[in-house]
Amino acid sequence: MIPALAKKILHVTVGTLLISSAASAKVYLNSMCHMAANSKTQQIQGDDNKDDKFPLASISKVVTTLWAIDRLGPDYRFQTKLHITPTANGSYDIHIEGSRDPLFGRNMSYFLISELNRMKITKIEKLTFDENFLLAWLAEEKPMIGGTTPKYDTVEQQASVVRATLTSSFATAINPGYYTILKTKAARIGVQMSIRPKVDVRTVSFVKKAEFQKNEKATTMVLLSAPLKTILKRMNNQSNNYIADNLFWNLGGTEAFNAYIAGKMQADETDIVFHNGSGNNEGSVAKPVYNEATCEMMIKVLYSLDKSLSAKGYDLSDVMAVAAKDKSSTVGGYGGVMAGSTTAKTGSVNKAKTLMGSVSTKNGEIYFAVLMHTDYDKSRSDWGVASQQIKNKVSQLINQNGGPKVIKYTEQLPLPFDKYSYLTKVNTITTAKK
C-alpha cells in the first residue's frame, strides 16, 4: 500500500510529466471529482487526491453562496432605511440607517437619487448615516471586483471612507453616459428611473446608530435591495471579491463559518479551511494564504446548494453563471459542448486555476470540480494553459455521458435593485415581495 504522501508526490510527478512543456511545466492537476446529481448513494468519483485540500481561488464564492442561502434565504432583501425630515427652502435632512448591503455602489446610489427626485427631493441640507451603511462606489466595477476588499479596524475608519465617498461621488453630478446605460438596463427589468436626476448635498456626517434620534416630523422610507439570489448571481458572474468578502463578514466571519460548516457538513479543518468569502489571498505576497478544501467537499457543497435552492423553486443557474448564455460572466466565452449545458464558477489565484459546477448531459446532471495547480508568478501563460485543460476535462466528462443537454435558461440581468426596490413607507412593505 502506497502511503498518502507518496501517492501525492507520485501524482504530482506524473501530472507534470504528462503536460510538460516550456510554457506549462508548472501546471498540473491537483484533483478532479464528480457525482451524478440523482445518485442515491451520493458516491463521489475522482482521483486519489479527491480527499486532499487544495487552494480553491474564486470557487470559494460558491461556498459563500451556500452559507448565505442557508442563513438568509434566496429571497432575502437588505433594507436601507431613510429618515427624511423637511427643512426650510424646500430642503430635507436625511439620515441613512444601513443594513450592510454588500452591493450598494454607484448603481444603487443612482437608483436612490432617482427615487429621491421622484419624491421631489433634490436638496439635502444634512445627510447623515450610521455604521451599518456600506458604500463602495465601485462595488460592481474594477478594481474592486478582483481586488482586495477593504477591511476596517474601527467603525470610525469605515465611516471616514463612506463619508468621503458620499461627498466626492454621491453628492456630485451624475455621469450621464453611465446613467443612461443603467437606466436602459433598469427598463429591461421593469424599473423606471428619472431622466436626468440630480441632488445637492450641503453637509455629510456620521451618526452612530445608538446616538441617532428620529425627528418627530420625519418620514421613514425603505429602499429594498434586489433579492439575495440576484446579488449572488452578480457576485458569481463577475467573480466579485467585494460582495463575497462583505457577505462573509456580515454572516460572522471565519469563526461563525467554522461552526456552520461543522454543523452543516460535519466538516473540520481536514476538509475545508476558510479565511474570507472570495478566495483571494489573505496573507502577503511573500506568504500567501488561501482558502482550501478537498474536491469531495466542493461536490458536497454543490449538492447542498442545489437542494437548498430547489426547495425554494430555484436552480443553480439562479445564482451561478451559465456557459455562453450569461455572456458578461467569467464563463461567457465557454463554447463547444459546455455552451448552454454547463452552470459553473471559475477561480484564479497564483497557485490555482479552478472550476466547479454542474453539467447537463444525456445521462443526467453531474456535479463536478476541477482543481489545477499553477505558478502564475513564474509564467503568465500558466492560467491560460490550465484553463484550457479544465475545459478539456469538463468537455470529456460531458461526452462520456452521452453528450450535452442544453438547459432551459434565459440570460438574467442581475442589478442591485428591482421593481420592488422603490422607496416605500416602512408600514406599507409586505413580506410577499420576492
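These legends accompany views of a predicted model of one protein chain.

View 1. Along its principal axes, the C-alpha trace spans about 80 × 45 × 40 Å. Buried residues account for 53% of the 434 residues. Of the contacts between residues at least 6 apart in sequence, 75% join residues at least 24 apart.

**View 2. The surface and charges of the protein chain.** The chain carries 53 positive and 38 negative charges. Their mean positions are 7 Å apart.

**View 3. The aromatic pair F104 and F133.** The count of aromatic pairs comes to 17. F104 and F133 form one that is edge-to-face, 5.0 Å centre to centre with 80° between the planes. F104 sits in the loop between β5 (92–97) and α3 (106–118), and F133 in the loop between β6 (123–129) and α4 (155–170), so the pair ties together parts that are 29 residues apart in sequence. F104 is buried at 1% relative accessible area. F133 is buried too, at 3%.

**View 4. The rings of Y110 and W137.** Their centres lie 5.7 Å apart and their planes meet at 80°, so this pair is edge-to-face. Y110 belongs to helix α3 and W137 to the loop between β6 and α4, so parts 27 residues apart in sequence are tied together. Both Y110 and W137 are buried.

**View 5. A cluster of aromatic rings.** Ring pairs link W67, F248, F257, Y260 and F274.

Note on methods: Residues numbered from 1 in each chain as written. Predicted model: local features only at pLDDT ≥ 70, side-chain atom pairs only at ≥ 80, totals over all residues. Heavy atoms only, no water. Buried < 20%, exposed > 50% of the residue type's maximum accessible area, 1.4 Å probe, protein only. Contact = heavy atoms within 4.5 Å. Lys, Arg positive; Asp, Glu negative; His and termini not counted. Charge placed at Lys NZ, Arg CZ, Asp CG, Glu CD. Phe/Tyr/Trp six-rings, centres within 6.5 Å; stacked < 30°, edge-to-face > 60°. Helix = DSSP H or I, 4+ residues; strand = E, 2+ residues; numbered from the N terminus.
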